[in-house]
Amino acid sequence: MSDSRRPDFDRYPELKAAWDRRQFIKSAAVGTAFMALGGSLVRIAADDLSKEARAERRPDGRPRLPPGQRTLEYLRPMGGEQGDGDVKTFRLKVHGLVKTPFEIDYAGLLKLPQVTKEADVHCVTGWSMLAGQWKGVQIATLAEKAGIKGEARHVIFEAAHGYTANAPLKEATADNALITYRLNNKPFQLQHGAPVRGLVPDLYFWKSAKWITGVRFVKDDRPGFWEVRGYHNHADPWKEERYG
Ligand SMILES: Nc1nc2c(c(=O)[nH]1)N[C@H]1C(S)=C(S)[C@@H](COP(=O)(O)O)O[C@H]1N2
Ligand SMILES: [Mo]
């Protein structure tokens, strides 16, 4: 069992007993009956987390868990047309309304100022994963390095096979909006966007492009892949901006 699934016991001390019990069962047991019991403990823990998170407030005063969401202990793979997942072929293009567009490879990304941010993510299908430690480069850093022009108002995230997602500049350059290559100290699995994905955690998770290839600054908004397929253009989870 990987540590990324471990609840934050400083924040959720009441989950410690259930977690220890589950670890004990997992290490002691083989066989479907025990695994089924282990599975039900996972669900109990997640329900407790949801209840806690509903009571908790963010620094901005909003509830930790947006309406209509429940917590999962780890990301659920939501599919999409995968990139090649290879750090050797990875390139990120930073372009659009900037003075000096540039393209960087994986080593180039690692040379920029790095941050690790704790962030919760919220999938429109109703699950949230709380307290991930996401490591990468702030989109604001890329904007600054490229010399973003004053007319830019939106960001278009570009990914493998033409996937795009749009976000207002202000939200896409927030402190916790990243180009990220590590979650809880581990590289992403291919299904989660390896080697590098976008992260705009305060909007629904479809705005966080997996297998990212570009960040484009634009003046006029352009609805992306899901936004033209019935999802909300803005996607604020606290306003339940699910469908357009
Ligand atoms: N390139 C790309 N990025 C994508 C998607 C996609 O289909 N292609 N799906 C989005 C959706 S709908 C969600 S909910 C999240 C899911 O990320 P996960 O599979 O890591 O949980 O990725 C988003 N990023
Ligand atoms: Mo999604």
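This is a predicted model: local features need pLDDT of at least 70, side-chain atom pairs count only at pLDDT 80 or more; totals for chains, interfaces and linings use all residues.

Me: What's the phi of alanine 235 like?

Reply: Phi is near 75° there, which is a positive value in a residue other than glycine.

Me: And is alanine 235 buried or exposed?

Reply: Alanine 235 is buried, because its relative accessible area is 0%, and the cut-off for buried is under 20%.

Me: While we're at α4, which of its residues are buried?

Reply: Helix α4 covers residues 139-146, and the buried ones are Ile139, Thr141, Leu142, Ala143 and Ala146.

Me: And glutamate 144, buried or exposed?

Reply: Glutamate 144 is also in helix α4, but it counts as exposed because its relative accessibility is 66%. The cut-off for exposed is over 50%.

Me: How far is glutamate 144 from valine 98?

Reply: They're 9.1 Å apart in space, C-alpha to C-alpha, and 46 residues apart in sequence.

Me: OK, the ligand. How many residues surround ligand 1?

Reply: There are 20 of them, and the closest are Arg76, Met78, His192, Arg197 and Lys210.

Me: How does that shell split into nonpolar, polar and charged?

Reply: Twelve of the shell residues are nonpolar, five are polar and three are charged.

Me: What about individual contacts, say lysine 210 with ligand 1?

Reply: A polar side-chain atom of lysine 210 is 2.5 Å from a ligand 1 oxygen. Histidine 192 brings an N or O atom of its side chain to 2.6 Å from an oxygen atom of ligand 1. Methionine 78 uses its backbone instead: a polar atom there is 2.8 Å from an oxygen atom of the ligand.

Me: How much of ligand 1 does the protein cover?

Reply: On its own, ligand 1 has 530 Å² of accessible area, and the protein covers 95% of that.

Me: Which pocket is ligand 1 in?

Reply: The largest pocket is the space that ligand 1 takes.

Me: Back to the backbone. Where's the cis peptide bond?

Reply: Between alanine 194 and proline 195, with omega at about 0°. Proline 195 is in the loop between β9 (186-187) and β10 (197-199).

Me: What does the side chain of arginine 58 contact?

Reply: It makes a polar contact with the side chain of aspartate 202, at 3.2 Å.

Me: Last one: where is glycine 224?

Reply: Glycine 224 is in the segment after β11 (212-218). With a relative accessible area of 3%, glycine 224 is buried. From glycine 224 to lysine 207 the C-alpha to C-alpha distance is 8.9 Å, and the two are 17 residues apart in sequence.

How values were computed:
Residues are numbered from 1 along each chain as its sequence is written. Chains are lettered from A and ligands numbered from 1 in the order in which they are written. Side-chain values use heavy atoms; hydrogens and water are left out. A residue is near a molecule or strand if one of its heavy atoms lies within 4 Å of it. A polar contact is a pair of N or O atoms within 3.5 Å; within protein, one must be able to donate a hydrogen and the other to accept it, and residues adjacent in sequence count only if both atoms are side-chain atoms. Accessible areas come from the Shrake-Rupley method with a 1.4 Å probe; for residues, only the protein chains shown count as cover. On a 1 Å grid over the protein atoms alone, a cavity is a set of points where a 1.4 Å probe fits but cannot get out, and a pocket is an open set with protein on both sides within 12 Å along at least five of seven lines; lining residues have an atom within 4 Å of a point. A molecule sits in a cavity or pocket if more than half of its atoms lie within 2 Å of its grid points. Ala, Val, Leu, Ile, Met, Phe, Trp, Tyr, Cys and Pro count as nonpolar, Asp, Glu, Lys and Arg as charged, and the others, Gly among them, as polar. Buried means under 20% relative accessible area, exposed over 50%, partly exposed in between (1.4 Å probe, protein chains only). Helices (H or I, at least four residues) and strands (E, at least two) are DSSP runs, numbered from the N terminus.
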